[in-house]
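I am opening a notebook on a structure that is new to me. I will start with the whole chain and then follow the aromatic rings.

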Amino acid sequence: MKKIFLSLALGLAISTNGAYLNGVAATVNNEPITDYDVELVVKRMNITPNEALNVLIRDKLELSQIKELGLGASESEINEELSQIAKQNGYSDLASYAQVLSHKAGALSQLREQAKENLARGKLYDFIISQPNDNITRANAMRFYEQNRGMFTRFSSAKVTRYTAKSGATLERVKARGLASGVTTTAMSIYPGSADNRVLNLIARANIGDFTPIIREGDSYVMYKVNSKENPQVVAFEEVEQNVAIMMAEQEKEALIADYFNKLRAKANIEIIKR
């Protein structure tokens, strides 16, 4: 999802400011990418012009696919997305946040468009990763299991540190830097029956000293650092075969998405304007 938000932000900035520039750097299915678009992405992402152009081409392809597949968002979906954004910004509800935004001309309507496009991009990515994957066979699942046996363990108990924050980005900073403001930590012991299966599976898959993936719990985001495990035992392949396939699919999402857009780009009418 992070990538979806990034692409969304770029797309909005482009649609707002691109009309002021005359130079065209490229076209994607006859849709222009301006020199200003490229310059803006270079500055925002601190990348080269060629890298920025590739980001913008991908952005155009995503928007084209959203239109072709008829993906969108209902008013209730948009309002739910806006309510989550309001809570992430410290407001109790959408009405309070909307009141603040009303003092900035066009801010609320722009935010609604951002939410609408973000939801559509999310549905596009869901569509891509839902396509059949011929690589997930029983033989490949067995190979994955043998190469990652530590991910398929049970334990009698585990000592962990629970990290809670109002945003996933805050917890990402903890992973990267070790510290971040706005984070609550709790040392605790986890054992079968003390937590739901989702948490138990995350801890079972994590190595000692590692963080689990970040998950949503109500209005907060949570992750665990595994400090120790008691009596870890590898589970037989037959008992976890379905979970192995799910984990393989999870790890292959990025590859599936990249392959999808590589094929789409190969078929698209893309013209790079040489200077």
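This is a predicted model: local features need pLDDT of at least 70, side-chain atom pairs count only at pLDDT 80 or more; totals for chains, interfaces and linings use all residues.

**Whole chain**

I looked up the burial count. Of the 275 residues in the protein chain, 36% are buried. I then checked the surface. The chain exposes about 16100 Å², and carbon and sulfur atoms supply 50% of that area.

I listed the secondary structure next. The protein chain has 11 helices and nine strands. Its C-alpha atoms fill a box of roughly 65 × 50 × 35 Å along the principal axes.

I turned to contacts between residues at least 6 apart in sequence. Of these, 69% join residues at least 24 apart.

I also looked at charge. The chain carries 34 positive and 32 negative charges, and their mean positions lie 4 Å apart.

**Aromatic rings**

How many aromatic pairs does a search of the whole structure find? It finds seven.

My next pair was tyrosine 163 and phenylalanine 211. This pair is also edge-to-face: the centres are 5.5 Å apart and the planes make an angle of 70°. I located both residues. Tyrosine 163 sits in strand S4 (residues 157-165), while phenylalanine 211 sits in the loop between helix H9 (197-205) and strand S6 (215-217). The pair therefore ties together parts that are 48 residues apart in sequence.

I checked burial here as well. Tyrosine 163 is buried, with a relative accessible area of 12%.

I then looked for a cluster. Phe144, Tyr145, Phe152 and Phe237 form one aromatic cluster.

**Around strand S4**

I went back to S4, the strand that holds tyrosine 163. Which strands pair with S4? One is strand S7 (residues 220-230), antiparallel to S4 over nine bridges. In this pairing, valine 160 stands opposite valine 226 of S7.

Another is strand S5 (residues 184-190), which pairs with S4 in the antiparallel sense over seven bridges. Here I noted threonine 161, whose bridge partner in S5 is alanine 187.

Conventions. Residues are numbered from 1 along each chain as its sequence is written. Side-chain values use heavy atoms; hydrogens and water are left out. Helices (H or I, at least four residues) and strands (E, at least two) are DSSP runs, numbered from the N terminus. Buried means under 20% relative accessible area, exposed over 50%, partly exposed in between (1.4 Å probe, protein chains only). Contact means heavy atoms within 4.5 Å. Accessible areas come from the Shrake-Rupley method with a 1.4 Å probe; for residues, only the protein chains shown count as cover. Lys and Arg count as positive and Asp and Glu as negative; His and the chain ends are not counted. The place of a charge is taken as NZ of Lys, CZ of Arg, CG of Asp or CD of Glu. Rings of Phe, Tyr and Trp (its six-membered ring) pair if their centres lie within 6.5 Å; planes under 30 degrees apart count as stacked, over 60 as edge-to-face and the rest as tilted. Two strands pair if DSSP finds at least two bridges between them.
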